Amino acid sequence: MATLEKIRQKGLLLSIVIGVAMLLFIIGMVDFNSIFGSSRQNVAEVDGDEITIAEYEKKIDEMTSFYKLEMRSNSLTDQQTEQIRSSVWSSFLRERVIGKQCQKLGIVVSDEELEESLTGEIPNPMLMQLGLFYNPEKGGFDAEIVRQVADAAAADETSDVAKYWNFVKNSIKNQMLEEKYNALVGASININNLDAQYAFNAQKGADIEFTSTPLSTVADSLINTTSKDIKAYYSANKNTYYRDNESREIEYLTFDIVPSENDYADIKAWIEDLQKEFYTSDDFIALSNQNSDESYNGVAQSLTSVDSDLKDFAKSGKAGDAFGPQLFGDTYKMARIVEKGIIAPDSAKVSHILVMESSKERTEQVADSLIAAINGGSDFAEVAKAFSKAGTSANGGELGWLKDGDFDKEFSSACINAPIGKLVKYNMNGGIQIIKVTEKTKPVEKIRMCVLSRKVEASSQTYGQIFNQASQYMAQNSSIDKFETSADAAQGQFLRNYSVAVSDVRISDLKDSRQIVRWAYEAKKGDVADRVFECGDKFVVAALKSVSKKGYPEISEIEETLTTAVKNEKKADMIADNISAKLAEGLAATGEVKTAQGVSFNSQYVNGIGMEPKLYATVANMTPESAPAVVKGNYSVYAVKVVSTNETGEFNAQAEISQLENRRPYKYMIYNALEKGAEINDNRITFY
């Protein structure tokens with residue numbers, strides 16, 4: 001009744017709201033699609049500049065076409081696809097962030113400049129590195145191919161070539177724009193004598209003697225920390241804990257999708273049912289190809305290269321003998337020897353010329369004329385470079401060493417059987433291969449063996465049982481506390497923690513785990529996922545343990561980390577006071593004296609010390625005449641003395657300035673600073 005009364009009280013207001021909304025919609029003053037739909041179409045926003053899913057997909061499509069044509073491949077792996085999406089994101093950010101600055105400053109790349117860089121007398125260096133524009137006959141870059149690609153792209157704007165060309169053009173334009181921006185910023189940077197002196201001194205190395213006392217030598221129980229200490233430390237070191245991006249910590253449990261004992265028994269019974277027919281039938285090869293995980297290809301193998309599980313049988317058996325079935329690991333195998341006693345080389349070193357003309361007759365004529373020319377004294381490699389249609393023409397048609405079964409079974413067999421030094425014609429895929437074998441390995445005993453194998457995998461029943469186990473764990477532990485405490489190590493259940501960013505495509509080694517990252521960014525702290533995730537060969541249940549927002553964290557979020565830092569600081573003070581009191585007696589009084597060579601301000605890691613920048617900075621300002629210093633490092637407190645310095649020559653201010661200008665470190669710093677200062681709203685997780 002109370003609920004009904006509230007509805008009655010709010011009824012008039014609700015009616016007015018609905019009525020006004022309908023009126024505005026009817027007269028066209030409100031575009032609901034733009035209000036509620038546009039945000040769903042945006043992959044990201046960079047300083048208020050929207051990147052739509054259509055734009056993003058177009059870039060992905062163009063980069064995909066680029067990689068396919070460059071790698072001469074019709075398909076890409078999942079990993080390559082992930083890399084392309086990541087690269088497109090990086091290029092989009094760079095384009096928008098740098099573009100914004102260029103727009104403010106009036107920096108542009110004109111159509112004429114771009115055209116000159118693409119098809120002018122001095123082509124852009126990026127073009128000269130691309131495989132599509134390589135001409136094997138010239139042995140390098142060919143500007144004519146660039147023009148042909150540009151014409152083909154203009155003729156069909158939907159083709160892969162057009163997508164490739166658009167990607168190349170945009171990449172070069174953005175590169176030119178960024179170079180102009182960097183040049184402008186660089187012109188405002190003046191490297192003076194102080195910079196030069198600083199750089200020179202940083203190169204100076206020193207040989208040192210030192211002692212180290214680890215912070216761990218002081219027990220935590222001897223150190224008291226207060227909330228005042230923690231607040232003071234956080235205030236002094238706040239920037240250290242700034243988070244550039246949000247991250248989320250998940251906890252997860254995996255359930256391996258593995259076959260059961262019944263699955264093994266079923267496959268064992270299945271393959272044993274085939275055993276008699278496989279042993280006795282004249283058509284055992286067809287039987288194997290219909291049922292086996294691997295097909296018989298008829299290629300003769302050397303006894304050293306056969307399946308290691310079947311090597312003993314291959315050596316001891318004779319033609320017609322059969323073996324198995326037997327379980328090896330997770331696979332049942334049985335085998336039958338087709339032919340034995342074959343004596344032949346295992347591999348041959350081959351060169352070839354592919355002849356492919358407009359007709360079969362013309363192909364025959366050209367092939368015969370080339371063979372006649374080579375037999376008449378023409379160099380095979382030079383003929384291959386001039387006439388072969390294969391990609392190996394650039395290196396004189398050399399294929400290298402081939403084994404039986406490599407590339408094409410019949411082709412490799414023809415190569416193995418070809419006499420050394422004699423040209424052999426082989427018809428292949430509408431063309432003629434002119435084969436020349438220059439070397440062969442020593443003849444060895446080979447065998448043809450038919451193998452019927454079947455890997456044991458989880459059946460649908462087992463799959464369902466494992467899924468039910470994961471589902472039950474999820475249902476019975478729907479709170480984060482239960483989720484964390486219910487894992488049973490005795491049953492092989494180990495809870496794992498992992499911190500994920502919105503851009504992570506996977507979690508640890510879990511396949512297809514982007515779905516868990518997506519869930520984590522939709523969930524709230526403490527949530528347990530209400531579904532089981534299938535990640536390759538595992539089912540996964542997950543919970544969201546914590547959320548670390550972008551920016552400065554609250555003290556309560558990192559109190560444990562801050563407490564440890566404060567304790568380490570107090571330990572370092574205690575140890576430093578103790579070392580200072582002993583140092584008057586000599587370095588040896590403070591501990592075991594060790595040595596290190598070539599320590600400088602630029603040192604990143606020194607053997608026996610590790611990463612201790614405070615120590616390296618202190619040493620850079622010491623001389624052999626300096627008194628020993630006490631340095632509070634990250635992991636230890638050091639007493640250090642400089643024994644000798646390794647001078648890098650006379651200081652020459654102009655030479656140092658010239659080197660610094662050539663290195664131009666600001667080029668690598670500008671974009672990072674701009675990106676860090678940009679307002680970036682990454683919404684890719686909604687789509688991928």
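Select Ala196, which sits in helix α9 (residues 193–203); helices here are DSSP runs of H or I with at least four residues, strands are runs of E with at least two, and both are numbered from the N terminus. Before going further, note that this is a predicted model: local features need pLDDT of at least 70, side-chain atom pairs count only at pLDDT 80 or more, and totals for chains, interfaces and linings use all residues. Residues are numbered from 1 along each chain as its sequence is written, and side-chain values use heavy atoms, with hydrogens and water left out.

Is Ala196 buried or exposed? Ala196 counts as buried because its relative accessibility is 0% (buried is under 20% relative accessible area, exposed over 50%, partly exposed in between, with a 1.4 Å probe and protein chains only). Now show what Ala196 touches, leaving out residues up to four places away in sequence: Phe651, Ala653, Glu656, Ile657 and Leu660 (contact means heavy atoms within 4.5 Å).

**Stop two: the cores**

Next, pick Tyr56, Leu127, Phe133, Trp165 and Val168, the residues with the most contacts inside the largest nonpolar core, which has 44 residues. Such a core is a set of buried Ala, Val, Leu, Ile, Met, Phe, Trp, Tyr and Cys residues joined through side-chain atoms within 4.5 Å. Colour α8 too: the largest share of this core, nine residues, comes from there. Zoom in on Trp165 and, beyond its neighbours within four places in sequence, you'll find Leu118, Leu127, Phe133, Val146, Val149, Ala150 and Ala153 in contact with Trp165. A second, separate core has 19 residues, among them Val500, Ala520, Tyr521 and Ala529.

**Stop three: crossing helices**

Select α10 (residues 227–236) and α20 (residues 559–583): their axes come within 9 Å and cross at roughly 90°. Axes are lines fitted to C-alpha atoms, for helices over the stretch in contact, and angles run from 0 to 180 degrees between N-to-C directions. For residues, show Asp229, Ile230, Tyr233 and Tyr234 in α10, which meet a set in α20 including Leu562, Val566 and Lys570.

**Last stop: the sheet**

Finish with the open four-stranded sheet, ordered β18-β5-β20-β19 with antiparallel pairing (two strands pair if DSSP finds at least two bridges between them). β19 and β20 (residues 636–646) pair over four bridges, and Lys632 stands opposite Val637 in β20. Bring α20 back: α20 packs on this sheet, touching β5, β19 and β20.
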